[in-house]
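Subject: Structure handover

Hello,

My notes on what turned up follow below it.

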Amino acid sequence: MNDKFPFGNPEGARSSLAELEDSYIPFSESPQQGTFRSTNSDLSVRIIVGAKGSGKTVYLRRLHAQATVEPSVFASEIETEPLSTESTVAFCSSFREKLLTEKWSQLWHLAILRSIVSLLCFAKEFTDYVPEELRENLLSYKSFLGLNKAPVQIYASATYFARLERSSYKITQILENPLLDEVEYFAAQALRDTPPIYYFLDGIDENFRRAPMHWLRCQKGLVLRTMQLLRDQRFGGRLHVITTCRDHVLASLYRGEHQNRFRGEPHIKLLTWNYRAVEHFLNQKVEQLPAEMFIDSENRTIASWLGHETIKNGGRSLREPIGRYLIRHTRLLPRDIVQIGNALAREVVRARALREERIGEKVIRRVTAQAAATFGNEQLDICVSQMRSSAMPAIAGQQGFSDFYTGDDEFRESEVKQLKELIRLIGVDEFHSGELEVVKDEARDVFGRNTDVFSVLWQNRLLGCRRLLGGEERIFFYSEEYLDSFALPDDAISYVFHPCVIDSVGIKSVVKEPLGSEDFS
């Protein structure tokens, strides 16, 4: 066990593969445990989809580990340095909105082609596979592709082409150059005799919060191009790209013209964490803790670890199960569980050092509230970034002032404060449509007439709605798996803020019962 991170490192990219495997939590493939049972030998997966903190990097790293020990394939290193936000915004600014996804798909096509040609020509692993004459044919396009004497990655290639030109006409000339067909032909000829090649792309959503709408287009283009490779008769079966992407990307594709192509697609792995899955993850993480952290080492439960079966909910004058209390303060993500778990584990170690059998309920509430406030603040920051990037003028990227809308500056911090003040006007965690309409007018005055603040909160799972299902009232939060619209439903009985908003903003909880497994649907 890692003494600093008893529950594991919340950043999957920073842990060694050995640590990931030792602490990996297995799941059954059942509705009660989500939709993401990971088999690290499933190299048929092409797109790994999930929210930030859902485990995309861990899933990708396990697939990469399998590919690297498979003697019949060539696996590239995992790429983790995508385009900069500046390059992404500038490329988006060069085209009309309706053309953006197509242009990004073309850019990724060119980037993949440039990288594969560089591998075939310069990587020592392919020296014995590519005949000299075929290599010379590919090298004749060196200048066109901007190659030198070494293999280049897909991300680096995307950056290279995105920065070449700023005018839409000149960029289109590059993306649709007739020479591409010739390069494809010779590359496909060479790939016939090489081992199948696997590329692994990660981290493309790391800067998503800085310019969500622009990164959305970038990722959509990559997803489309990756899936098109599966059907490409020239490269089919020989060239494979496996990439991660944000859940909002798939939701956007579900609503577009390509929706039937992606629904139920077996090559897409959707990491959907529901309440039961997170509950299983938490319990298994607790079981992995060392024996000295438990009151009864033969009974490795949350109660034996923290010393409490239940915890007092002061706002409702009731006691609730300790596990439910912890889970409902998270965003139903493994990263959140790991962060809360590590913080509580440190308190347990401190208590044991003082020869105390258990930590106090006040300590548990304080640690949980601090973590929940962090989660809420992060999501509110993402909401503001999304609203700012949506309001960015088309010329911002071309004329070099996009950083005003995407940068980490005091202006955005002030807007986060304004958003919190807007939520404080409501003041409670459950309210009705009449109250919502009143605050909507205030929101338009603060954030602009064309900004739907509450739909943005809905998309980022900070705002849910109470609705009737089978004659019973249930609380729903946004789920890209089941809902096609980004707009906040207008037919709800009432609206409910996520519990982490209570701690991050400071509003009063009036929901009758604490949210449980039946509410996080």
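**Helix H2**

In H2, the buried residues are Lys56, Thr57, Tyr59, Leu60, Arg61, Arg62, Leu63, His64, Ala65 and Ala67. Buried means under 20% relative accessible area, exposed over 50%, and partly exposed in between (1.4 Å probe, protein chains only). That is 10 of the 13 residues of H2, so the helix is largely enclosed by the rest of the structure. Its length also checks out. At 1.5 Å a residue, the 13 residues of H2 (residues 56-68) should span 18 Å, and the end C-alpha atoms are 18 Å apart, which agrees. The expected span is 1.5 Å times one less than the number of residues.

**Ground rules**

This is a predicted model: local features need pLDDT of at least 70, side-chain atom pairs count only at pLDDT 80 or more, and totals for chains, interfaces and linings use all residues. Residues are numbered from 1 along each chain as its sequence is written, and side-chain values use heavy atoms, with hydrogens and water left out.

**Whole chain**

The chain holds 22 helices and 11 strands. Both are DSSP runs numbered from the N terminus: helices are H or I with at least four residues, strands E with at least two. Of the 521 residues, 56% are buried. Take the contacts between residues at least 6 apart in sequence: 75% of them join residues at least 24 apart. Contact means heavy atoms within 4.5 Å.

**H10 against H11**

Helix H10 (residues 212-231) packs on helix H11 (residues 247-254) at an angle of about 70 degrees, and their axes are 9 Å apart. That makes H10 roughly perpendicular to H11. The word covers 65 to 115 degrees; under 35 is roughly parallel, over 145 roughly antiparallel, and the rest oblique. Axes are lines fitted to C-alpha atoms, for helices over the stretch in contact, with angles from 0 to 180 degrees between N-to-C directions. H10 contributes Leu216, Gln219, Lys220, Val223 and Leu224 to the contact, and H11 contributes His248, Val249, Ser252 and Leu253. By class, the contact of H10 with H11 has five nonpolar, three polar and one charged residues. Nonpolar covers Ala, Val, Leu, Ile, Met, Phe, Trp, Tyr, Cys and Pro; charged covers Asp, Glu, Lys and Arg; the others, Gly among them, are polar.

**Sheet**

Four strands form an open sheet in the order E8-E11-E9-E10, with antiparallel pairing. E8 (430-431) and E10 (472-476) are the edge strands, each pairing on one side only. Pairing requires at least two DSSP bridges between two strands. E8 and E11 (residues 494-497) run antiparallel and are joined by two bridges. In one of these, glutamate 430 has valine 496 of E11 as its bridge partner.

**Phenylalanine 454**

Phenylalanine 454 sits in helix H21 (residues 453-459). It is buried, with a relative accessible area of 2%. Beyond its neighbours within four places in sequence, phenylalanine 454 contacts Leu422, Ile426, Leu436, Val439, Lys440, Ala443, Leu463 and Leu488. Leucine 436 is 18 residues away along the chain, with 8.7 Å between the two C-alpha atoms.

**Positive phi**

Most residues other than glycine have a negative phi. Leucine 332 has a positive phi of about 55 degrees. It lies in the loop between H15 (322-328) and H16 (334-353), and is buried at 7% relative accessible area. Arginine 461 also has a positive phi, near 65 degrees. Its place is the loop between H21 and strand E9 (463-469). Arginine 461 counts as partly exposed, at 23% relative accessibility.

Best wishes
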